[in-house]
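Keep the view open as you read.

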Amino acid sequence: MLEKIKKSASFVKSKVTIEPEVGIILGTGLGGLVHSIEQQQILEYQDIPNFPLSTVEGHSGRLIFGVLGGKKVVAMQGRFHFYEGYDMGQVTFPVRVMKFLNIKCLFVSNASGGMNKAFSVGDLMIINDHINCLPNPLIGKNIAELGPRFPDMSEPYNKKMIALCEGVAGKLGIKVQKGCYVGTTGPTFETPKEYGYFQRIGGDAVGMSTVPEVIVARHMGIPVFAMSIITDLGGDDIAMNVSHEEVQKVGAMAEKKMTQIMTGMLQELNFAAL
Ligand code: HPA
């Protein structure tokens, strides 16, 4: 695994002149952030040795290098979900490669279903904790060069980045929620009772991604910031129909707010203070 990661990273370094400081994983309906990235250099996943290939909508997926908010970034356009049939090593492989590209922090976005009664469709939620209901990506022989056997998870989402986000959102006049993200395998959306269950165990929103990548990033000591778009609502007594199309539509509507916040955060981000 380690050799594969290093080989992918050295290939990327040989092709791209930008040395990224920030990794970004672009989730469902948030691809528009890409249009704000300047000085782009692009690598197709299919051209990078050992990279998994994306199955979604005929896109193989791409790594987009460039400048956003004055910081050098690498953005993943197309991520890998466990429900697509990838194993956890594949789902998290790009994050490990990004570590070897020397990123100093990771931004993640996704779409999720809200269980918190104070939430509305279209809200943005800062993820401040998670509950993992997927297989743990660190199961198996630990690679000591990546991180410890038993990683600390007391601060899965960086508190300084959360505070920065709240400040930036406040200045922009954008309302943000905060809460705990429950990560499930999917691909089914939740039944009303499952939404209710996830709410009672402490979740505010539920989705099918992010947690594996965050665990792997924290294993390697990378500070993480993650934000979710609440694309639908669920609960014991809420029988709301959810569809992939609706998730995409609401995701696209909230895209501009998310882009403004992330760009503002990058502008103000001080790596040394993380
Ligand atoms: N459940 C799981 N994943 C999701 C949801 C949901 O309600 N909405 C968007 N992604």
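Helices (H or I, at least four residues) and strands (E, at least two) are DSSP runs, numbered from the N terminus. With that in hand, find Gly140, which sits in the loop between β6 (124-132) and α3 (159-172). This is a predicted model, in which local features need pLDDT of at least 70 and side-chain atom pairs count only at pLDDT 80 or more, while totals for chains, interfaces and linings use all residues. Residues are numbered from 1 along each chain as its sequence is written, and side-chain values use heavy atoms, with hydrogens and water left out.

Gly140 is partly exposed, with a relative accessible area of 41%; here buried means under 20%, exposed over 50% and partly exposed in between (1.4 Å probe, protein chains only). Its C-alpha atom is separated by 26 Å from that of Gly78, 62 residues apart along the chain.

Between β2 (38-44) and β3 (62-68) you will find Asn50, whose phi is near 75°, a positive value in a residue other than glycine. Thr210, in the loop between β8 and α5 (211-219), also is not a glycine and has a positive phi, of about 70°. Asn50 is partly exposed at 33% relative accessible area, whereas Thr210 is buried at 0%. In the loop between β7 (176-183) and α4 (192-200) lies Pro187, and the peptide bond from Gly186 to Pro187 is cis, with omega near 0°.

Now turn to the ligand. Which residues are around it? Among them are Ala111, Gly113, Tyr195, Asp232 and Val247, where being near means having a heavy atom within 4 Å. The largest share of this shell, 3 residues, comes from β5. A polar side-chain atom of Tyr195 lies 2.6 Å from a ligand oxygen, a side-chain N or O atom of Asp232 is 2.7 Å from a ligand oxygen, and a backbone N or O atom of Gly113 lies 3.3 Å from a ligand nitrogen.

Finally, look inside. A nonpolar core is a set of buried Ala, Val, Leu, Ile, Met, Phe, Trp, Tyr and Cys residues joined through side-chain atoms within 4.5 Å. The largest has 80 residues, and Leu63, Leu106 and Phe107 have the most contacts inside it. A second, separate core of 8 residues includes Ala111, Tyr195, Val242 and Val247.

Notes. A polar contact is a pair of N or O atoms within 3.5 Å; within protein, one must be able to donate a hydrogen and the other to accept it, and residues adjacent in sequence count only if both atoms are side-chain atoms.
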